[in-house]
Amino acid sequence: MTRFVARREQLRAATTQAVEKLKQDLKSAGGAASGNFSALKAKVSADADALKANVSQWKKEVDAKRAEHRVDELEQEAAAAIDYAISSVEQAKLAAIDAVIGRLDAIAARRA
């Protein structure tokens, strides 16, 4: 999938570059054209603005997805840390009970 995302970015960059080149060509043609030329120039400018807006929106969506993925990872890490802490507490309880039983066995052995 990342191959497709990279290809889409290449295509967007190429499209943006082509639109910018067209805008430059239109600027250099200057006032030599008629009113139709001005309309074409406005259309190219509007298309370039729309492309930039689409790219901006896509980047926001990608950033949001990355943030959600990172939060999912952090939640999983937190859950694992909590499970580890609970396991450690249970092991500590077992060790304390083993110590008490060991102490009682030592006292009983001394009395015998």
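This is a predicted model: local features need pLDDT of at least 70, side-chain atom pairs count only at pLDDT 80 or more; totals for chains, interfaces and linings use all residues.
Residues are numbered from 1 along each chain as its sequence is written, and side-chain values use heavy atoms, with hydrogens and water left out.

Let me start with the overall form. The secondary structure of the protein chain consists of two helices and zero strands, where helices (H or I, at least four residues) and strands (E, at least two) are DSSP runs numbered from the N terminus. The radius of gyration is 34 Å, well over the 13 Å that the globule rule gives for 112 residues, so the chain is more spread out than a compact globule; that radius is taken over C-alpha atoms, and the rule is 2.2 Å times the number of residues to the power 0.38. Along its principal axes, the C-alpha trace spans about 115 × 20 × 20 Å.

Ala42, in helix H2, and Tyr84 are 42 residues apart in sequence and 63 Å apart in space, C-alpha to C-alpha. His69, which also lies in helix H2, is 30 residues from Ala39 in sequence and 45 Å from it in space, again C-alpha to C-alpha.

The accessible surface of the chain comes to about 9,100 Å², of which 60% belongs to carbon and sulfur atoms; the areas come from the Shrake-Rupley method with a 1.4 Å probe, and for residues only the protein chains shown count as cover. Buried residues make up 9% of the 112 residues, where buried means under 20% relative accessible area, exposed over 50%, and partly exposed in between (1.4 Å probe, protein chains only).

Which residues form the largest nonpolar core? That core has five residues, namely Val19, Leu26, Phe37, Val44 and Ala48, a nonpolar core being a set of buried Ala, Val, Leu, Ile, Met, Phe, Trp, Tyr and Cys residues joined through side-chain atoms within 4.5 Å. Helix H1 (2-29) and helix H2 (35-111) each supply at least two residues of this core, and H2 gives the most, with three residues. As background, in soluble globular proteins nonpolar side chains tend to be buried together.

Leaving aside its neighbours within four places in sequence, Leu26 is in contact (heavy atoms within 4.5 Å) with Phe37, Leu40, Lys41 and Val44. Of these, Lys41 is found in helix H2 and counts as partly exposed, at 38% relative accessibility. The C-alpha atoms of Lys41 and Lys23, 18 residues apart along the chain, are separated by 7.2 Å.

Next, the charged side chains. The count comes to six salt bridges, each being a side-chain nitrogen of Lys or Arg within 4 Å of a carboxyl oxygen of Asp or Glu. In general, side chains of opposite charge can pair when their charged atoms come close.

One of the salt bridges joins the side chains of Glu9 and Arg12 (3.8 Å, N to O), two residues of helix H1 that are three residues apart, about one turn of the helix. Is Arg12 buried or exposed? Arg12 counts as buried, at 19% relative accessibility, whereas Glu9 is partly exposed at 26%. Arg12 also touches Leu51, Val55 and Trp58, not counting residues up to four places away in sequence.

In helix H2, Asp47 and Lys43 are four residues apart and so separated by about one helical turn, and their closest N and O atoms are 2.8 Å apart in a salt bridge. Asp47 is partly exposed at 36% relative accessibility, and Lys43 is partly exposed at 47%.

Asp63 is partly exposed, with a relative accessible area of 47%, whereas Arg66 is exposed, at 59%.

Finally, I return to His69, which is partly exposed with a relative accessible area of 48%. A polar contact of 3.0 Å joins the side chains of His69 and Glu73; such a contact is a pair of N or O atoms within 3.5 Å, and within protein one must be able to donate a hydrogen and the other to accept it, with residues adjacent in sequence counting only if both atoms are side-chain atoms.
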